[in-house]
Amino acid sequence: MPVEAAAREVQRRAPSDVGDHVAGAAIEVRDLGVTYVGLDGTHVHALAPTSFEVADREFVSLVGPSGCGKTTLLNAIGDLLRPSSGSVTIAGRPARELRTAQQIGVVFQDSVLLPWKSVHDNIRFLSQLARRPLAPEAIEDLGRLVGLDGFLTKYPHELSGGMRQRASIARALALDPQLLLMDEPFGALDEITRQKMNLELLRVWGERRKTVVFVTHSLSEAAFLSDRVIVMGKRPGRVVADVRIDLPRPRTADTRFAPAMRDYVVMLNQHLESGEGGEAT
Amino acid sequence: MSRSKLRRLPSTLVAPAVLAAVIGLWELVVWLGDIKPFILPPPSAVAVTFVEEWPTLMDNSKITLLEIGLGFGLGVIVGLVLAVIMALMPVVRAALYPLVLATQTTPKIAIAPLFIIWFGVGLLPKLLIIALLVFFPVLINTLVGIQSVDKSQLALMRSVNSSQWQIYRHVRMPSAVPHIFASLKLGLTVAIIGAIVAEWVAANEGLGYLLIFYNSTLRTTELFAVLLMLVLIASLAFVAISLLERALSWEARLGTGEGAATVTPEAAV
């Protein structure tokens with residue numbers, strides 16, 4: 001089958017040498033589980049114990065249906081929520097250390113720009129909090145990098161959704177983090193803008209190479225952007241497949257229509273459906 | 001044609017034009033209907049009386065303005081401080097909330113005579129009544145503002161390990177500012193009501209006292225002059241708060257006001 005020919009699946013617990021060289025921001029997720037206790041005392045397994053690894057400067061996407069725990073997993077990786085079990089190690093240290101060292105950049109679905117600050121001040125904001133404020137030239141560089149030159153004096157409400165996300169990405173890069181976590185950053189954008197932003201993100205990532213964990217529910221977006229796509233299922237949230245995307249870089253608008261690309265999307269879809277089938281019907 | 005003319009009228013002139021039309025109509029109705037001045041005086045007579053009575057109006061306005069200024073200031077300070085404390089400490093919030101609600105479910109006009117017994121007929125009981133009216137909308141709206149902060153903004157702050165102080169300074173307080181200004185405008189209107197009501201209960205000076213005095217002597221034209229003075233005071237105070245808002249509130253400055261959801265107090269009296 002062409003699907004299998006095109007894809008080379010990576011075993012979830014592939015033997016790896018990540019633990020040996022801890023340079024860069026390789027991520028090691030070990031038996032990570034998140035359980036919420038409801039007000040009535042019932043336990044909700046948002047994420048069943050999960051293990052996988054992300055190599056330094058790798059672009060990994062988490063895809064899955066709503067409620068499969070992909071945002072929960074992302075937040076646990078960034079130490080934005082405390083897991084019930086297991087651990088996250090980044091560059092050989094607990095995730096918490098990386099967060100407190102302000103080495104994790106986060107981009108949310110909503111841009112989460114502060115409406116009372118200009119784009120310039122929003123980009124500078126986190127560096128100000130971290131007491132290592134960016135020089136004006138550095139902010140202009142970031143603005144240029146994400147395609148916001150000429151918009152730095154504007155306020156968030158004067159920008160389109162796509163432009164706001166550009167600012168949000170620039171802000172996440174401002175502290176030059178080792179790890180970039182992106183939670184459906186283009187989920188609220190129209191298809192045309194989203195495709196444009198995908199290309200822009202790859203261009204930016206090419207220039208400022210980071211380890212990226214990217215949450216989306218679009219299979220084509222995941223395949224287009226990523227080195228690897230982790231497919232998740234729900235009830236409980238868990239990993240059902242881990243697929244390496246062997247498409248050459250740099251990827252362009254044409255990559256979207258390459259036959260191999262279509263095969264990957266078909267295969268991801270099969271994994272997604274098998275994950276759905278996991279629950280009793 | 002008249003439609004297009006109306007459209008060409010600058011929007012800033014619409015309100016004055018309507019006001020002028022209403023006053024003209026009022027004047028016309030009084031003259032045509034031959035209505036007695038003690039029932040409804042014509043606006044022209046009110047204007048003349050307003051000028052003639054200016055010294056009396058000014059003397060009494062000073063008293064009332066002092067009450068409003070001090071009572072409003074006290075109410076705002078108490079409201080803001082309590083809001084921050086209640087936002088920071090859930091225990092305090094749980095303890096004080098029923099008490100705060102109790103102060104608001106009691107009709108203030110019923111408390112006013114009690115305050116006179118406790119604090120005499122001077123300035124103190126009046127500013128306390130005003131403060132009691134003002135602190136509630138300020139407290140509730142500020143609390144709502146502090147707590148209405150976007151969850152993602154808190155996650156953003158956590159992602160760079162911000163301190164609680166930084167979260168208040170950079171996210172929670174700015175989020176609350178539009179709510180605070182909405183509550184100041186509300187507080188202003190109840191402050192004026194409070195001052196008038198307090199003077200009705202026990203006073204021998206002030207605009208509220210003048211209203212009662214002119215009413216009991218059927219000097220309706222003078223009564224209208226006092227009402228005009230109250231409208232002027234309220235308008236000026238409102239303009240002052242709006243100017244302050246323009247200077248201090250990002251929402252007013254940027255014109256992005258979706259109108260902060262405001263908690264209105266129960267009918268003040």
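Mentor: Domain bounds here come from an automatic or database domain assignment. This is a predicted model, so local features need pLDDT of at least 70, side-chain atom pairs count only at pLDDT 80 or more, and totals for chains, interfaces and linings use all residues. Residues are numbered from 1 along each chain as its sequence is written, chains are lettered from A and ligands numbered from 1 in the order in which they are written, and side-chain values use heavy atoms, with hydrogens and water left out.

Trainee: Okay, into which domains is chain B divided?

Mentor: Chain B has domain 1 (1-35) and domain 2 (42-268). Their centres, taken over C-alpha atoms, are separated by 32 Å. Five residues from domain 1 of chain B and four residues from domain 2 of chain B are in contact, meaning heavy atoms within 4.5 Å.

Trainee: And how much area is buried between those two domains?

Mentor: About 420 Å², with 79% of that given by carbon and sulfur atoms. Buried area is the accessible area (1.4 Å probe) that two parts lose on being put together, summed over both. On the domain 1 side, B:Trp26, B:Glu27 and B:Val30 lose the most, together 84% of what that side buries.

Trainee: How many salt bridges are found across that domain interface?

Mentor: Zero by the rule, which asks for a side-chain nitrogen of Lys or Arg within 4 Å of a carboxyl oxygen of Asp or Glu.

Trainee: Switching to the two chains, what is the salt bridge count between chain A and chain B?

Mentor: One. B:Arg158 pairs with A:Asp79, and the closest N and O atoms are 3.9 Å apart.

Trainee: What area do chain A and chain B bury between them?

Mentor: About 2000 Å², 65% of it from carbon and sulfur atoms. The contact takes 24 residues from chain A and 19 residues from chain B. A:Arg99, A:Trp116 and A:Leu129 supply 31% of the area that chain A buries against chain B, more than any other three residues.

Trainee: New topic: is B:Gln164 buried or exposed?

Mentor: B:Gln164 is exposed, because its relative accessible area is 53% (buried is under 20%, exposed over 50%, partly exposed in between, with a 1.4 Å probe and protein chains only).
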